[in-house]
Amino acid sequence: MNSVLHLILVIFSIFICAQTHENDVYTVQYNTDNYSEEISKRNHFIMFYAPWCGHCQRLGPIWEQLAEMLNEDDTNIRIAKVDCTVDSKICSDEDVTGYPTLKFFKLGNNVGEKFRGTRDLPSLTSFINEQLRSAEEDDTVKVPQPLQGLIELTDENFEKHVSSGKHFVKFYAPWCGHCQKLAPVWERLAESLEFEPEVSVAKIDCTQFRSICNNFDIKGYPTLLWLEDGKRIDKYQGQRTHEELKTYVNKMLGSNKADVNEQKSETVSSSAVMILTGDDFNHGIEKGITFVKFFAPWCGHCKRLAPTWEDLAKKFVDNPQVHIVKVDCTLEVNKQLCNDEEVDGFPSVFLYKNGKKISEYNGNRSLEDLKEFIESHAHSRDEL
């Protein structure tokens, strides 16, 4: 009798799990009919599972959350899964010996990289980011692709990239203290000019690509050169602040953007959003209201929120008690911070008051709703 009852419970459990997986909205389900064709189209992170597996059941909601963030038309990755009790041949070919098995497949490579870390959202997203960066490094396309606007040049892509158009290039050495100090400023400059089609912001490591640096007569680090159609036009000699660098770019572009910026307010930067890192986060939020967006550059929802976040910052640019901030959780310097702040999805939006986390924002991401949320807390006398 006990064995019959046990069999009934097992069958019921399998039925419930199967129903749970069928209710997935964002995760792509592959089978023997479409598996080989689909994974050849883009990068994939795939969960090989069995419906009755308890670990698979616990991972299910997190996997669906990953899929919601990444399974969009404009991303180069798909979050998918394969039911090994149904499509056993696929799982056998992929050498799946336990459940769940998680593998990342780079575009053009049918050998997957197995994930061996903790199955939580921060660890999974960090793994995805590492694999995507690795995929970019393995890419044989000569034209470089920017990461948040900043382009990494090498001896393979340098000549082709700078041969036409306008480019602001940092020639540097990794061991150089001045270069290390400039690095976050240079990244911020690239990010602020990411959607400026007239110029690219790039960098090249002279310890790796000495011949290129010698061709441009680089004598010290960092050297910042303005190049047009492959030719050296000017050497930047000013202060290495974001504001001064941005003004220089506008001047070299021959526009009146610098004059317009100077007329606005004390802020010359095109972005009113404050960027904080794990090193200065606590200091940055210690006074007033701080509204923080924790994001990942590859996240589709984050990309859609970005222009609204900029507009929101401009609404409060004259209010010293309100700060609109963003934190990139994919940067090494920020990973511990994002874990400490319990960021479990992108974007995560938290409001801080005098250094203390008050609330997570889960409402509509329209400009007016975000603004109203901030104002409701700014006018509140409660110090939670």
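The buried residues of α14 are covered by elements that include β12 (289-295), α12 (300-315), β13 (322-328), β14 (348-353) and β15 (356-360), where contact means heavy atoms within 4.5 Å. Helices (H or I, at least four residues) and strands (E, at least two) are DSSP runs, numbered from the N terminus. This is a predicted model, in which local features need pLDDT of at least 70 and side-chain atom pairs count only at pLDDT 80 or more, while totals for chains, interfaces and linings use all residues. Residues are numbered from 1 along each chain as its sequence is written, and side-chain values use heavy atoms, leaving out hydrogens and water.

Which residues of α14 are buried? They are L370, K371, F373, I374 and H377, buried being under 20% relative accessible area, exposed over 50% and partly exposed in between (1.4 Å probe, protein chains only). These residues lie on the same side of α14, because they cover an arc of only 155° around the axis, taken from the directions from the helix axis to the C-beta atoms.

Now for the largest nonpolar core, which has 41 residues, with F45 and F294 making the most contacts inside it. Such a core is a set of buried Ala, Val, Leu, Ile, Met, Phe, Trp, Tyr and Cys residues joined through side-chain atoms within 4.5 Å. Helix α3 (residues 54-70) gives the most to this core, with 7 residues. Beyond four places in sequence, F45 touches residues including W63, F104 and F115.

Finally, the structure holds 3 disulfides, each a pair of cysteine sulfur atoms within 2.5 Å. C84 and C91 form one of them, and the torsion about their S-S bond is about -90°, so this disulfide is left-handed.
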